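Thanks for making time this morning.

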Amino acid sequence: MKNLSHAVTALAVAASLLAAGHAAHAGALITYGNTTLGVNDTGELNFSGNGPGGFATYGVYRDGVGDAISPGCFCEGWGVSVETAGGNFSTWANQSSGSGGFGSGNTFGATGSTATSQINMAGIGVSVRQAYGPSLAADVFQNQVTITNNTGSRIESLVYRRVMDWDVPPTQFSEYVSHTGVTANLTTNGGNVRYASDNGFASSNPSWAAGYIDGTTVNTDFTRSGPDDHGSVFDFAFGPLEAGASRIFNIYYGSAANEAAAVSKLAALGANLYSLGQPSVADPGAAATFLFGFGGVGGVEVGSSESVPILPFMPAEGQFVFDAPVAQRWYDPPVAEGFDIALEGGSTFISVTAPSSFSDMIILAEDGTVLDADFDAGETFTFSAGMHAAFRIRGLSLDVESPGFGSALPLLLDFTPGATRMTWTAALATPPVPEPETYALALAGLLAVAVARRRRVH
């Protein structure tokens with residue numbers, strides 16, 4: 001495994017320092033296809049290590065192209081601000097503009113393609129968990145962000161900021177930046193975007209004004225602003241958060257051979273809005289394009305409906321992982337002919353609800369015993385209490401008469417507390433995976449006919 005000794009050392013340092021509540025400069029390099037991220041223990045990018053380009057600082061790196069955010073300054077980071085009856089609290093992480101507000105008991109772990117940081121805010125019982133792993137689109141990482149209210153009382157206002165400075169090779173410090181989806185997802189239009197601009201040098205603390213470099217980029221969509229030395233900053237207002245509740249959304253980091261491939265990947269992942277970074281060359285659209293997108297920030301939380309489900313990580317073909325799953329959410333892998341679904345951590349399933357558009361499915365116990373031979377649209381099946389940490393679903397047959405359905409098999413799942421991970425294993429072979437550079441384009445078409453291998457209500 002690449003960089004194993006370096007990663008082990010970094011993790012040991014992170015474990016000791018984070019346990020004491022300090023911001024340790026440790027982390028890991030993770031690779032998925034042509035993209036490598038450098039993830040720090042506090043969840044922001046730009047970490048130094050032995051990667052595909054040798055020993056260097058990696059932010060968002062593409063093989064054969066270079067790194068798109070680390071040159072010049074390590075200006076990538078996140079921040080959370082909460083407002084309660086007892087006061088306002090902020091925690092933020094950015095190696096360039098500064099970090100602060102960390103509590104104790106923080107953790108970090110990584111493998112060759114995943115990294116998970118959990119930070120507890122100082123002075124208030126709120127945790128920020130950021131889990132990076134391979135998304136359903138080649139060369140694109142998904143960062144599943146879960147902010148949990150452990151205070152025992154209602155949080156009146158929750159804000160998350162993410163900021164990055166684009167420095168896209170080969171024209172670092174002089175790139176084109178585009179924003180898409182900002183206007184449609186402003187809070188005034190029912191979304192979660194409170195503020196957006198091209199100021200990639202902003203503080204990560206949402207309590208401080210983000211500002212801008214070009215005033216025409218504020219709270220609007222724009223195409224290829226520049227060339228300039230700039231980036232993106234997004235503030236998301238998620239409103240109140242009840243005691244014990246979590247707010248989940250996704251951030252996507254990655255690269256593509258060109259602009260069309262990047263946009264196709266983002267569309268396949270259901271991104272609400274995104275930023276593109278491109279070099280200032282004669283034909284930017286044909287050049288390697290870097291992407292920075294968000295899902296679940298359009299006013300509807302991921303997992304809250306079958307049309308906006310939680311998407312999995314994909315560590316291997318036919319293997320789909322939902323990290324630290326939350327009960328009573330909709331979960332959805334891509335196309336397959338059946339799945340074996342299992343919980344880890346001692347949790348057991350309570351119930352499963354079928355999506356509104358499908359019928360004639362079959363639910364089986366892990367040993368193959370049929371539990372429901374006619375699992376229909378909208379039906380809820382209740383498992384025997386404490387009996388099933390895993391089950392199977394079958395009867396997903398070919399039907400391409402309704403090509404507009406964009407997801408595979410969203411299921412509403414309820415389970416007992418304690419789940420650390422949920423895996424969905426495709427029961428039969430999935431369609432062949434194209435080479436990485438054509439995967440996103442194929443995936444967009446595949447999802448367009450994702451009713452395949454299921455019976456649909458007519």
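**Salt bridges and a pocket**

Arginine 224 has a relative accessible area of 29% and is therefore partly exposed, where buried means under 20% relative accessible area, exposed over 50%, and partly exposed in between, with a 1.4 Å probe and protein chains only. Please keep in mind that this is a predicted model, in which local features need pLDDT of at least 70 and side-chain atom pairs count only at pLDDT 80 or more, while totals for chains, interfaces and linings use all residues. Residues are numbered from 1 along each chain as its sequence is written, and side-chain values use heavy atoms, with hydrogens and water left out.

The side chain of arginine 224 meets that of glutamate 259 in a salt bridge, at 2.5 Å from N to O; by salt bridge I mean a side-chain nitrogen of Lys or Arg within 4 Å of a carboxyl oxygen of Asp or Glu. This pair links distant parts of the chain, since arginine 224 is in strand 16 (residues 222–228) and glutamate 259 in helix 2 (residues 259–268), 35 residues apart. Helices (H or I, at least four residues) and strands (E, at least two) are DSSP runs, numbered from the N terminus. Glutamate 259, at 22% relative accessibility, counts as partly exposed.

How many salt bridges does the structure hold? There are 13, and one of them joins glutamate 76 to arginine 162, with the closest N and O atoms 2.8 Å apart. Here glutamate 76 belongs to strand 7 (residues 76–84) and arginine 162 to strand 13 (residues 155–165), 86 residues apart, and both glutamate 76 and arginine 162 are buried.

Another salt bridge brings together glutamate 242 and arginine 154, at 2.5 Å from N to O. Glutamate 242 lies in the loop between strand 17 (231–241) and strand 18 (246–256), and arginine 154 in the loop between strand 12 (140–149) and strand 13, so this pair ties together parts 88 residues apart in sequence. Glutamate 242 is partly exposed at 42% relative accessibility, and arginine 154 is partly exposed at 35%.

Let me finish with the second largest pocket, whose lining consists of 17 residues, with Thr148, Ser246, Ala324, Pro325 and Val326 lying nearest its centre. A pocket, on a 1 Å grid over the protein atoms alone, is an open set of points where a 1.4 Å probe fits, with protein on both sides within 12 Å along at least five of seven lines, and lining residues have an atom within 4 Å of a point. Strand 12 gives the largest share of this lining, 3 residues.
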